[in-house]
Amino acid sequence: MSSSPAASEVSPITDVAPLSLCARSPHVPADRLVAEMVPPPRFDSVRFATYIPDANQPSQTEAVRVLEGFAGGLGGAHAVAGGKRGFLGFGRARAPKAPAGPRGVYLDGGYGVGKTHLLASLWHATPAEPALKAFGTFVELTNLVGALGFQQTVQTLSGHRLLCIDEFELDDPGDTVLVSTLLGRLVDAGVALAATSNTLPGKLGEGRFAAADFLREIQGLSAHFRALRIDGEDYRHRGLPAAPAPYSEEQVAKAAYATPGASLDAFPHLLDHLAKVHPSRYGALTDGLRAVCLTGVQPVPDQSTALRLVVLADRLYDREVPVLASGLPFDKLFSEEMLNGGYRKKYFRAISRLTALARDAKGLVAAG
């Protein structure tokens, strides 16, 4: 792997140069997209018992109670749940018609209240083999449709007992229609649904472009979910020290050279590279990384670039990859216009997660 542009301007500290995200252009086959629809590494070990509700927020305790009951009720939810399946679901028997009433739960709350923890706990608690449960972000779900095609995605997922969708956000009319139709087909096939987002299903279009189009399509999905409101503050900031200030470029480079498996890139170069890699491959882009070191962090120039950075931040957070950076602090990444616009919740989530990863990276400087 070649060294990054940032690495070439510092004196080597070891004989081994850091990795570079800009030197990676991963190819991800469709079968990997399906196989990886499980809770990310950060949530491998979470369970309902490890979720610590805020004593001042009774809605958090109530959400755990409802979700435990929901998981227990899925034991006989699908007639073919115990059967064997071929690759991508070929050869399955036809699923029975779903019972009447809501077939899912919807976790509504701000970023950092533990929605993904609860969603992953539901996945783990559902009595079915992993191949019959799917877990992915909204973006990963739409990427799966892009890779397999709509009909094959329906066939692949319709034998599942549960589909969990994290960060259920509809960013354009095409995705609205796509996901609305997909979930409708899966509900008809008997698949139970669970989702998280920062807004209720009937409100997802507010503050976005063409809001009327979003609302018209989304209203049909609302009946599929029992909405659970989860109140509370961002747990990543609950009683924790403030995020560390950015380090000097020399400190970042030194830590990158001293940390096996670390990458080192100039932030502007990384933003340019992300435009050349499909967001469905950002997980593969981070394969094997122990840390991400960035020099020259500066404000993101436009919304398309900002949304790509949000996806990368999600993948890094899922994989618990610490981020060490020089330049501006992460709360200065997005302009006031962006933070007040239709995608503001995505940007605040990215700031929250990158701040947590920056805090995790403090030890790299001491080690370096």
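## Buried sites, strand pairing and salt bridges

Cys164 is buried, at a relative accessible area of 0%. Here buried means under 20% relative accessible area, exposed means over 50%, and partly exposed lies in between (1.4 Å probe, protein chains only). Cys22 is partly exposed, with 21% relative accessibility. The structure holds 0 disulfides, a disulfide being a pair of cysteine sulfur atoms within 2.5 Å.

This is a predicted model, in which local features need pLDDT of at least 70, side-chain atom pairs count only at pLDDT 80 or more, and totals for chains, interfaces and linings use all residues. Residues are numbered from 1 along each chain as its sequence is written, and side-chain values use heavy atoms, with hydrogens and water left out.

**Strands**

Helices (H or I, at least four residues) and strands (E, at least two) are DSSP runs, numbered from the N terminus. Strand β7 covers residues 291-297. Of its 7 residues, 6 are buried, so the strand is mostly covered. Two strands pair if DSSP finds at least two bridges between them. β7 pairs with β6 (residues 262-266) in the parallel sense, over 5 bridges. Ala262 has Ala291 in β7 as its bridge partner. β7 also runs parallel to β8, joined by 4 bridges. There, Val292 has Val323 in β8 as its bridge partner. From β7 the chain crosses through α11 to β8, and this β-α-β crossover is right-handed. That means that, with the strands pointing away from the viewer, the path from the first strand over the helix to the second runs clockwise.

**Positive phi**

Most residues other than glycine have a negative phi. Glu167 has a positive phi of about 55 degrees, although it is not a glycine. Glu320, also not a glycine, has a positive phi of about 55 degrees. Glu167 sits in the loop between β3 (162-166) and α6 (173-188). Glu320 sits in the loop between α11 (303-318) and β8 (323-327). Glu167 is buried at 9% relative accessibility. Glu320 is partly exposed, with a relative accessible area of 43%.

**Salt bridges**

A salt bridge is a side-chain nitrogen of Lys or Arg within 4 Å of a carboxyl oxygen of Asp or Glu. By this rule there are 10 salt bridges. The table gives three of them.

| Glu140 | Arg315 | 3.9 Å |

The salt bridge of Glu140 with Arg315 links distant parts of the chain: Glu140 is in helix α4 (residues 138-148) and Arg315 in helix α11, 175 residues apart. Glu140 is partly exposed at 31% relative accessibility. Arg315 is buried at 5%.

Arg349 is buried, with a relative accessible area of 3%.

Elsewhere, salt bridges that share partners join Glu167, Asp314, Arg349 and Arg353 into one network.
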